[in-house]
Amino acid sequence: MTFDFIYLASQSPRRRQLLDQLGVRHELLLPGPEEDAEALEALRLNEPPATYVKRVTLAKLVAAEARLAQRGLPSAPILCADTTVALGRRILGKPVDAADAAAILSALSGHTHRVLTAVALAWPGQSGSTQQAQQVSTSTVRFAQLTRAWIDAYVASGEPMGKAGAYAIQSRAAAQVEHITGSYSGIMGLPMHETALLLKGAGVLRD
């Protein structure tokens, strides 16, 4: 089967930008006000970061499939993603307030952490069946020693809010990054290589 477009079940403008970079036409498939999207990201006790990010991404995909059916929209592949930041086994999610953002950035200061982004795709298969596939990208980021003044100014900018690990690699925080390994686009929130593999497997992209 071939598809003219996909659904993106994410509000992230960065993921939209990266899909545009791949040349993939997409429509947003966002949660309605009746859905508790944040509940899908709730942590479980002692859950490893890789297990967490894969579980959350698949939960988002299941919710998006139900949303598509409920709204009676045309059938097309659905793409979901989730990004988490881990310092060792500790998952550093989105800060709840300014004080939490400052605490997270202080924890990252001078240390190397991992950024894990899971991408999941569901698409219509033959005979009405639905197929699913998932990819995970893991990268590492090392921050320089962050001064209290820098942390306070960055938190005051509002940039950390809504971001896993309380920062965005494409923001002013990039000036504090000493070294990265892995996928820059994965750190942004949508690893291009892994996403392209999924889309090729579903027939959305061609070699």
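Q: Why does Y167 count as buried?
A: In this predicted model, Y167 has a relative accessible area of 5%. Buried means under 20%. Y167 therefore counts as buried.

Q: What makes F143 buried or exposed?
A: The relative accessibility of F143 is 1%. The cut-off for buried is under 20%, so F143 is buried.

Q: Why is the pair of F143 and Y167 called edge-to-face?
A: Two values decide. The ring centres of F143 and Y167 lie 4.9 Å apart, and a pair needs centres within 6.5 Å. The planes stand at 70°, and angles over 60 degrees count as edge-to-face. F143 and Y167 therefore form an edge-to-face pair.

Q: How do you know that this pair links distant parts of the chain?
A: F143 sits in strand β6 (residues 130-143). Y167 lies in the loop between α4 (148-156) and β7 (177-181). The two are 24 residues apart.

Q: How many aromatic pairs are there, and what makes F5 and Y7 one of them?
A: The structure holds 3 aromatic pairs. For F5 and Y7, the centre-to-centre distance is 5.1 Å, against a limit of 6.5 Å. Their planes make an angle of 80°, which is over 60 degrees, so this pair is edge-to-face. Both F5 and Y7 are buried.

Q: Which residues have the most contacts inside the largest nonpolar core?
A: They are L19, L79, L105, Y167 and L199. This core has 42 residues. Helix α3 (residues 98-108) gives the most to it, with 5 residues. A second, separate core has 12 residues, including F5, L29, L61 and A122.

Q: What is L105 in contact with, leaving aside its neighbours within four places in sequence?
A: L105 touches L146, I151, Y154, V155, P160, G165, A166 and Y167. Each counts as a contact because heavy atoms lie within 4.5 Å.

Q: What lines the largest pocket, and which residues lie nearest its centre?
A: The lining has 37 residues, and E41, K60, D82, K94 and G162 lie nearest the centre. The pocket volume is about 960 Å³. Elements giving two or more residues to the lining are α1 (13-22), α2 (49-71), β3 (78-87) and α5 (184-188). The largest share, 5 residues, comes from β3.

Technical notes
Residues numbered from 1 in each chain as written. Predicted model: local features only at pLDDT ≥ 70, side-chain atom pairs only at ≥ 80, totals over all residues. Heavy atoms only, no water. Core = buried A, V, L, I, M, F, W, Y, C linked by side-chain atoms within 4.5 Å. Buried < 20%, exposed > 50% of the residue type's maximum accessible area, 1.4 Å probe, protein only. Helix = DSSP H or I, 4+ residues; strand = E, 2+ residues; numbered from the N terminus. 1 Å grid on protein atoms, 1.4 Å probe; cavity = no way out; pocket = protein on both sides within 12 Å on 5 of 7 lines; lining within 4 Å. Points joined across faces, edges and corners; volume = space filled by probe spheres on them. Phe/Tyr/Trp six-rings, centres within 6.5 Å; stacked < 30°, edge-to-face > 60°.
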